[in-house]
Amino acid sequence: MLVVIVLIVILGLVFDFTNGFHDTANAIATSVSTRALSPRAAVLLAGAMNLIGAMTFTGVAKTIGGKIADPLKIPHGTIVVLCALVAAIFWNLFTWYFGIPSSSSHALIGGLTGAVIGAAGFHAVNPAGFTSIIEALITSPICAFALGFAIMGAFRGVFGWRSPHRVNRVFRVLQCFSAAAQAFMHGTNDSQKTMGVITFALIAGGYQHTMHVPLWVKTLCAIAMGVGTASGGWRIIKTVGSKIIKIEPINGFASDLTSSIIIFGFTLFKLPVSSTHVISSAIMGSGAAKRARGVHWNVAGRILVAWLVTIPMSGLIAAGLTKLALL
């Protein structure tokens, strides 16, 4: 059992690392594309802020670890977590390779749900808990689009009559701070998901009896997320930073501010969100407020398809792996 727990911790850290470089683009794409920050400075800043953010909260970890299923009632709970992590890592690497900004959060949640179903059937999933998580994942990008549209509309009303060169110069400086805030918020929410899964495994393995996240779990997950973020994810940066809309400093700042507000708000309510969904939606919202025709809706559509298939695909992979492991 101890060997399985150690393997789960290692895979959890690998997932956090892939989450870090997979989602680096989301935190820094706008600041890199507008040249507010150099790529090297941006990834180092994002890595440091992700590390700090990951050490700050644990509410989302308790939601992920306890609301999808009861770890004390799931047979072969450690195998469930193991297969969930393998499926999520595979999906992260697959989408990263093709430059698709899919959601690491969706991959992990889908993987854990699928693995639970593979081990104990559909009845083992907590309907209320799972529904609340899905609702948060669906409503957060809608809120991000609406708020991004509103903030960019307000900026246009206030700064529309000023010199574009002067406005962009000011907002390029502000983007340095907004990128840091966005990376911090990413750490407060995304790293907690892996903490929750590892804690789930510790309970299932009999090593603890509550959803309290141990300090060593928080520390290791935070470091893995920070190092992964600092390694960069340039394929996805290209998609998020240039293929959705042509980003200028003013709408880049509006997008960063929007996503920071949305992610932090949901984190306070202990609800997981997809930073990929939130940030991409914020970019679309701010772009639509400036010029709807300037948004590359075909690219946005491909991203939406990736969002829709991530949970079922990672769930199917995890369920299949669990069935094979328990043969």
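Tutor: Happy to; below we go through the fold, a few helices, the aromatic pairs and the cores.

Student: Great. What kind of model is this, and how are residues numbered?

Tutor: This is a predicted model, in which local features need pLDDT of at least 70, side-chain atom pairs count only at pLDDT 80 or more, and totals for chains, interfaces and linings use all residues. Residues are numbered from 1 along each chain as its sequence is written, and side-chain values use heavy atoms, with hydrogens and water left out.

Student: What is the mean pLDDT?

Tutor: The mean is 84, and 89% of the residues reach 70 or more; pLDDT is the predictor's confidence in each residue, from 0 to 100. Over residues 240-244 the pLDDT is below 50, although this stretch has 24 contacts in the model beyond near neighbours in sequence. A contact here means heavy atoms within 4.5 Å. Where pLDDT is low, the predicted coordinates should not be read in detail.

Student: OK. How many helices and strands does the protein have?

Tutor: The protein has 12 helices and zero strands. Helices (H or I, at least four residues) and strands (E, at least two) are DSSP runs, numbered from the N terminus. Of the contacts with a separation of 6 or more, 88% are between residues 24 or more positions apart.

Student: And what share of the residues is buried?

Tutor: Buried residues make up 59% of the 327. Buried means under 20% relative accessible area, exposed over 50%, and partly exposed in between, using a 1.4 Å probe and protein chains only.

Student: Which residues does UniProt list as "transmembrane region"?

Tutor: The UniProt record, an unreviewed entry, lists residues 43-65, 77-99, 105-125, 137-159, 215-237, 249-269 and 304-326. UniProt positions are given in the numbering used here, feature names are shortened, and annotations may be inferred rather than shown by experiment. In the model, residues 43-65 are 83% helix and 0% strand, with end C-alpha atoms 29 Å apart. For residues 304-326 the figures are 96% helix, 0% strand and 34 Å.

Student: Which helices do the buried residues of helix 3 pack against?

Tutor: They pack against helix 5 (104-120), helix 6 (127-159), helix 7 (164-204) and helix 10 (249-268). The buried residues of helix 3 (residues 59-67) are G59, V60, A61, T63, I64 and G65.

Student: What does M195 contact?

Tutor: Leaving aside neighbours within four places in sequence, M195 is in contact with A54, A61, V213, V217, K218 and C221. M195 lies in helix 7 and is buried, at 0% relative accessibility.

Student: Now aromatics. How many aromatic pairs are there?

Tutor: There are eight aromatic pairs. Rings of Phe, Tyr and Trp (its six-membered ring) pair if their centres lie within 6.5 Å; planes under 30 degrees apart count as stacked, over 60 as edge-to-face and the rest as tilted. The rings of F57 and F264 have centres 6.0 Å apart and planes at 70°, so this pair is edge-to-face. F57 lies in the loop between helix 2 (39-54) and helix 3, and F264 in helix 10, so the pair ties together parts that are 207 residues apart in sequence.

Student: Are F57 and F264 buried or exposed, or in between?

Tutor: F57 is partly exposed at 23% relative accessible area, and F264 is partly exposed at 28%. Another pair, F155 and F171, is tilted, at 5.3 Å centre to centre and 50° between the planes.

Student: Last one: which residues touch the most others in the largest nonpolar core?

Tutor: Of its 47 residues, L85, L112 and V116 touch the most other members. A nonpolar core is a set of buried Ala, Val, Leu, Ile, Met, Phe, Trp, Tyr and Cys residues joined through side-chain atoms within 4.5 Å. Helix 4 gives the most to this core, with 10 residues. A second, separate core of 11 residues includes F184, I263, V273 and A282.
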